[in-house]
Amino acid sequence: AQAIFQSWFVNFDPVKAKIAAKAEGRDPLRAAMSAISGKADAELEALPLEQYEQLAATAALFPNAMEASNLGQIPKGWAINQISQFGDVVCGKTPSKTNPDFFGEGIPFIKIPDMHNNVYVVSPLEQLSASGAASQVKKTIPPGSICVSCIATVGKVVIAHEPSQTNQQINSIVPRHPQYTTYLYFQMRAKDKEFHDLASGGSATLNMNTSTFSKVSVLNPAFNVLEKFSVNVEPLFSEILVRQKQSALLSEARDTLLPKLLSGELSVADAMVEAVA
């Protein structure tokens, strides 16, 4: 998924392939098809008709020229938008700690430690109760929201896979279209250095406020290209989520069974039976 993002939205390989082919008198569409698939002309000819037509349809989505923008040269017809133009930006908040009933089992409460080395947060360290979530209902973000850490540890990015809330160190983008989710995930990750620079501000603690975050410029490709990107990478992200959940279950089983094994309460055979169950 990262490789496709890099090729389409950073290196602009299909667009540049069309430009080069046009200058050399070759077929720009076939050149873009090769750039997208990594296949030479002879390999393209050998593709089944349906696969060939799908690849041609994808290649046709890309323009055959570049133009200037405030982020440098971009494909013609694409735009540069602020983050806030992709969706609502929600700054998180922590419910009052003086009310213990606000915390418990219920809705994930995402904090920066939950974001390290994760694409999704499947085992948050803390959750809010129904009453805790209701106390700040406008802070609830839906599945598909992109969470970005903006204070202290800046630039961590995860995707919410269920209704969640975050603390005040995190700004979340609630995309206007579901097709934006995976694209914005990679764009936010790619802006790690820019976010750090914006958060510096001369203070000891990094802090990028919601207003500054919302105004960061992001490439906005043609929507049909984003749709195709989403279709291509969504199955990969679904697999990531499944594997993260499996890993969490295995970790839970390990933490439950290992003390029993070490204490002799369970034999290895019994522990294997419990793990499978």
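A: The chat below covers a few side chains and ring pairs in this predicted model.

Q: Where is Gln 136 placed?
A: Gln 136 is in the loop between α7 (130-134) and β7 (146-149).

Q: Is Gln 136 buried or exposed?
A: Gln 136 has 8% relative accessibility, so it counts as buried.

Q: What does Gln 136 touch, not counting residues up to four places away in sequence?
A: Lys 93, Thr 94, Pro 95, Leu 128 and Gln 165. With Lys 93, a polar atom of the Gln 136 side chain is 2.8 Å from the backbone oxygen.

Q: Switching to Lys 22. Which helix is it in?
A: Lys 22 is in helix α2 (residues 13-24). Its relative accessibility is 46%, so Lys 22 counts as partly exposed.

Q: And which residues is Lys 22 in contact with, leaving aside neighbours within four places in sequence?
A: Pro 28 and Asn 64. The backbone oxygen of Asn 64 is 3.4 Å from a polar atom of the Lys 22 side chain.

Q: Rings next. How many aromatic pairs does the structure hold?
A: There are 20 aromatic pairs. In one of them, Trp 8 and Phe 62, the ring centres are 5.1 Å apart and the planes are at 80 degrees, so the pair is edge-to-face.

Q: Where do Trp 8 and Phe 62 sit in the chain?
A: Trp 8 is in helix α1 (residues 2-9), and Phe 62 is in the loop between α5 (49-60) and β1 (66-67), 54 residues apart. Trp 8 is buried, with a relative accessible area of 3%, and Phe 62 is buried with 3%.

Q: Which residue lies over the face of Phe 103?
A: Lys 97, at 4.4 Å from the ring centre.

Terms used:
Residues numbered from 1 in each chain as written. Predicted model: local features only at pLDDT ≥ 70, side-chain atom pairs only at ≥ 80, totals over all residues. Heavy atoms only, no water. Helix = DSSP H or I, 4+ residues; strand = E, 2+ residues; numbered from the N terminus. Buried < 20%, exposed > 50% of the residue type's maximum accessible area, 1.4 Å probe, protein only. Polar contact = N/O pair within 3.5 Å; in protein donor to acceptor, adjacent residues only side chain to side chain. Contact = heavy atoms within 4.5 Å. Phe/Tyr/Trp six-rings, centres within 6.5 Å; stacked < 30°, edge-to-face > 60°. Lys NZ or Arg CZ within 6 Å of the ring centre and 35° of its normal.
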